[in-house]
Amino acid sequence: MHLSYRWLARHVDLSGITPQQVAADLTLSTAEVEGLTRFAPCLSDVTVGLVKTRIKHPDSDHLSVCTVDVGQSEPLQIVCGAPNVAAGQLVAVALSGTELPGGLKLKKTKIRGQESNGMICSERELGLGEEHSGIWVLPGAPHVGRPVAEALALEDWVIEIDNKSVTHRPDLWGHRGFARELAAIYGRALKPLDVSLPQAPNASAAIAVRIESAACPRYLAVAIEGVQNGRSPDWLRHLLLAVGQRPIDLLVDLSNFVMLDLGQPNHLFDRRRLSPAGILVRGANSGERMTTLDGVERALEPSDLLITSGGSAVALAGVMGGESSKVEPDTSALVLEVACFQPAGIRRTSSRLGLRSDSSARFEKHLSPTLVAEAAGHLVRTLQSIQPDARITSQVSDVGAWMDPALRVNLRPARVRAVLGAALPDSEIRSILERLGLAVEAAENSWSVAIPSIRATKDLTAEHDLIEEVGRIHRYGNIAERVLVGELTPLPRDPRQDLVRRAEDRLAGGARFHQTISYSFIGDELLDQLGLAGAEHVSVVNPVADGFSSMRRSVLPSVLGTLHGNRRHRADVRMFEFGKGYLPEERNSSGEPREVHELALVWARPKAATERPWSADLLLHMQGVVEDLFVHLGLDVGAESLGAAAVEAGAKIPSWANPGRVKRLGKAGWIAQVDPRVLRRLGLSGELASEVVGAEINVDALLAAPRRKLGYTPTPRFPGSKIDVALALPTEISAAQGVAAIERAGKGQVAQAELFDVYQGPNLTSGRKSLAWHVLLQAEGRTLDEEDGQKFLKRLRREAELLGGELRSE
Amino acid sequence: MESANTLTSTVKARIEAAGSDTELRAIEREYLEKGGVVAGLLAAVPSLPGPERPAAGRAANQLKLEIAAALGAARERLASADLDQERSSAGFDASLPAQHSPRGSLHPIVQLTRELSDLFHSMGFLVLDGPEVETDEHNFEALNIPRDHPARDMQDTFRCDPEGKLVLRTHTSAVQVRAMRQLKPPMRAIVPGKVFRQETTDASHEHTFHQMEGIVIDKDITVAHLISTMKVLLRGVFGREIEVRLRPGYFPFVEPGFELDARCPFCKSGCSVCKQSTWIELLPCGMIHPNVLRSSGIDPETWGGFAFGLGLSRLVMLRFQIDDVRHLLGGDLRFLEQFS
């Protein structure tokens, strides 16, 4: 919303207070000022000129050659193309060197051979609206040679208010409301304004108005005649222009002026278009349609409120007038409507139709019904000040079940001090309230404060509302800070937050993963790529874009979604995310889906051209990351291999997992290669061909997981014996079975068996692989000797043969 | 046969000339080991005339000792030369770059959240979490924002059903109500987390971002305490004293409500960050509305409090001068790596 400084000054004396000061003070006490700009700044650069002579241009049918007195020693010759230019006019002259709003910079020139030393301007050329049919003929006394802004007292500043900051202030949707604030801030009086409806002698009967809906608590209608519609006086046009309202004609301008002045919307009907039967305010019939002023035909619903006349809609109540009944240039007989509508209904209708108007914006803030008569009086009196012949010709029809919202609120001055933390004396509190127009009846400890109607609808209804009034006018900046105090007791720590933090540090610092945070939404395309399209998702009904209504069930898919982009720029991609998945099938009693805290890990690198050695296997490295993390967190959780049989038997593995390469992390989650089909669908092929492994871990399961017990065992007193052994085993025998064989052969003496090689290749019988371990034998109470080693190997040879393999080396 | 004396000088000369351990080892074998020269001398002693024998024996033993000593000295000389070679700067390019291990990183939102959590935890604030899919009750109704309230326009809401009974929380304030209903006053808590607004995205608008709500409920809590706490917060974020100002701001769940502006930490007389105003609108805050306290079963006559809502995403952008909010949740490693 734009405010004009000059307009504000119509209501409160601002002498000695600059627009900059006003903007600063409104910001600190009332509402957020988003900008302060000069109105039509070029008006200070153009000069008042007097056209002395005008002759037809010798070489043109439509150009004139004028001499114009601009206060210099000699009049200047200026060529002008406007049809209305004439000797004796006061005009606005842009001299050479002046820059006009369109960016036109004037200089001396010749137009068809005739010298021209400037330009006589139209209103549009000066940024004063659309008028461009001729030059602007200045009204008023001659101030030849002076800047136009100064000569016509047009200097003005535009204060831009953030509408959101006055959502709760129905009284601040017009200039008088802001002037009331300034009066309180500066301790100056609000200028009186006569808003009484003029008496109408010999008035005809009132216009018949019937209200059928509770959504219209007050409706006032009165007939006005003797109006000559046409161009508004300049003062009115300029005020409207300053606040960004395009002047149309007197009647439209006047209606806008009253709304922007008092904040009360109103409507003028051409009386010829209304039925003599009068006006009916009712809800729309289902299927009813009407065309609003903007030329759009709208389908209505019974919850929409209509102003109708003779059975057809003439206005969408409180939102916009109808096309059929608007005032025309030749309108001379009017019906003025000023009404009050309930905010919720206006809001619903304007939201549903996507039709936000100045009127609906005000009504939905909850205007006081008392404003209705004031706005009517203000409009008629302003009209008569412009056109004295205009007059009320009917009795006033003022109907509706409205009640004056004015109320009294109790205020304890001690409470003001207690909430604000400021030692304000009673007298200061009282002064602030009274400057705001609130009458105080003081008693010992509790005052009764009278809230005027315009502030009583919503804004000021309880004690704390008044405390805010005192605080903001006193200024929060004047309150000295005070440090919080309290009892010192140890604060509980949240185990989940602690676990997450330790894990983050480990993953970022130790495992060298990068943390990401993704959107909770997951696109349909990604769901398709991951084979998740069929799953049930929490979703929103109004997504930001088509195909983005689903919320992820788990976190890992979001991270996989970044791979295509990240692999384009980086060979090695290691990422983790702590986030939430949303499960629609598990809702609590209020219908909220369960939100699961998860850790997702993804590790990707280019696919190797030849098979990598077992020690470079990415899945094993990821398992190392995860197991090290668990150790760091003090958890006793390991990866269990999940046999193909279990997968085939329907073990529920994640959709992204390669069913042939998946391991279970206890009850906490999964670690797996990402399914190569998924990778292909993600576009990780060709140059971006990647091997990718992922882990999906439920954070709450980790919290519940068994803890690793730290304990002490005495260090061995006798040296052990180190033996490297290699077993050639059938490929289907697992490394774990190999270790079991070693342990059996060691008869309790195997202290350690560390795998150091896995080999499959030419030197082996086909269908076999070779596994090699560093084995440490250790015995209690004695040193092991050569013979012990030989016995172990002998037993191991037999164990290997039992597995269908052999002992390769000794 | 040469005399031991002549031999001594010949061998010593050879040892001193030797340039490698291999040569020394050959000399050692030639003279000192089985079948070597010294052994030959000693073996020849019994065949000498009686009176010469003691002297010849002594000379051979003397030779053996001297050779051994000379070999030891030569070996020490060679080893020392090797060490000197290693200690020389020849061929050392001190400007070669370091060999780094790859680094991981913590997300900047997480980094800031941790700093603030630690700061507030040290002042007795619990760090709470709450659901992101919220009921209308927690997100709006209990916060004094009934249906058809114009304030709902300020926060375009993702609805999970046509009536909006469930929504994606539009602010972390939704957790206020949960906290007040679960904990007993006095209480201090912060709630960092993700929030959602149905907005078209551009460089400065996101539909998903992070906030941190804070609440304090206690006896005798005043605007003066709020101001002090906000200054502590800013000192924590920017590492120095930052001037602040409170101006009226409207949020239905606080009364009085404020916008807190901080003096722009990046300029003295106006810059693009503060839009030339020298103030940055930083966070909405206010005294908790009595209706909100009441709806959570807390008596506003006994207890009072304040609440604030910090835009974590915005603060991260300010601190690191990030020009596009969409980087934060975009998952681009080229962005994330910068925070390691």
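Modeller: Let us start with one residue, keeping in mind that this is a predicted model. Leaving aside residues up to four places away in sequence, Asp136(B) touches Glu141(B), Arg147(B), Arg152(B), Gly164(B) and Lys165(B), and the place of Asp136(B) is in helix α6 of chain B, which covers residues 136–139.

Biologist: Why is Asp136(B) called buried?

Modeller: The word buried is kept for residues under 20% relative accessible area. Asp136(B) has 7% relative accessibility, and therefore Asp136(B) counts as buried.

Biologist: What makes Arg152(B) count as buried or exposed, and where in chain B is Arg152(B) found?

Modeller: Arg152(B) is found in the loop between α6 and β3, the latter being residues 166–168 of chain B. Its relative accessibility is 13%, so Arg152(B) counts as buried, given that the cut-off is under 20%.

Biologist: Which residues does Arg152(B) touch?

Modeller: With residues up to four places away in sequence not counted, Arg152(B) touches Arg347(A) of chain A, and in chain B it touches Asp136(B), Phe140(B), Glu141(B), Ile145(B), Pro146(B) and Arg147(B). As for Gly36(B), it is 116 residues from Arg152(B) in sequence, and the two are 107 Å apart in space, C-alpha to C-alpha.

Biologist: How many residues does each chain bring to the contact between chain A and chain B, and how much area do they bury between them?

Modeller: Chain A brings 80 residues and chain B brings 88 residues, where a contact requires heavy atoms within 4.5 Å. Between them the two chains bury about 7,100 Å², with 54% of that area on carbon and sulfur atoms. On the side of chain A, the residues that lose the most area to chain B are Leu484(A), Ile517(A) and Tyr519(A), which together make up 11% of what that side buries.

Biologist: What share of chain A counts as buried?

Modeller: Of its 810 residues, 51% count as buried, that is, they fall under 20% relative accessible area. The accessible surface of chain A comes to about 36,400 Å², and 49% of that surface belongs to carbon and sulfur atoms.

Key: Residues are numbered from 1 along each chain as its sequence is written. Chains are lettered from A and ligands numbered from 1 in the order in which they are written. This is a predicted model: local features need pLDDT of at least 70, side-chain atom pairs count only at pLDDT 80 or more; totals for chains, interfaces and linings use all residues. Side-chain values use heavy atoms; hydrogens and water are left out. Buried means under 20% relative accessible area, exposed over 50%, partly exposed in between (1.4 Å probe, protein chains only). Accessible areas come from the Shrake-Rupley method with a 1.4 Å probe; for residues, only the protein chains shown count as cover. Helices (H or I, at least four residues) and strands (E, at least two) are DSSP runs, numbered from the N terminus. Buried area is the accessible area (1.4 Å probe) that two parts lose on being put together, summed over both.
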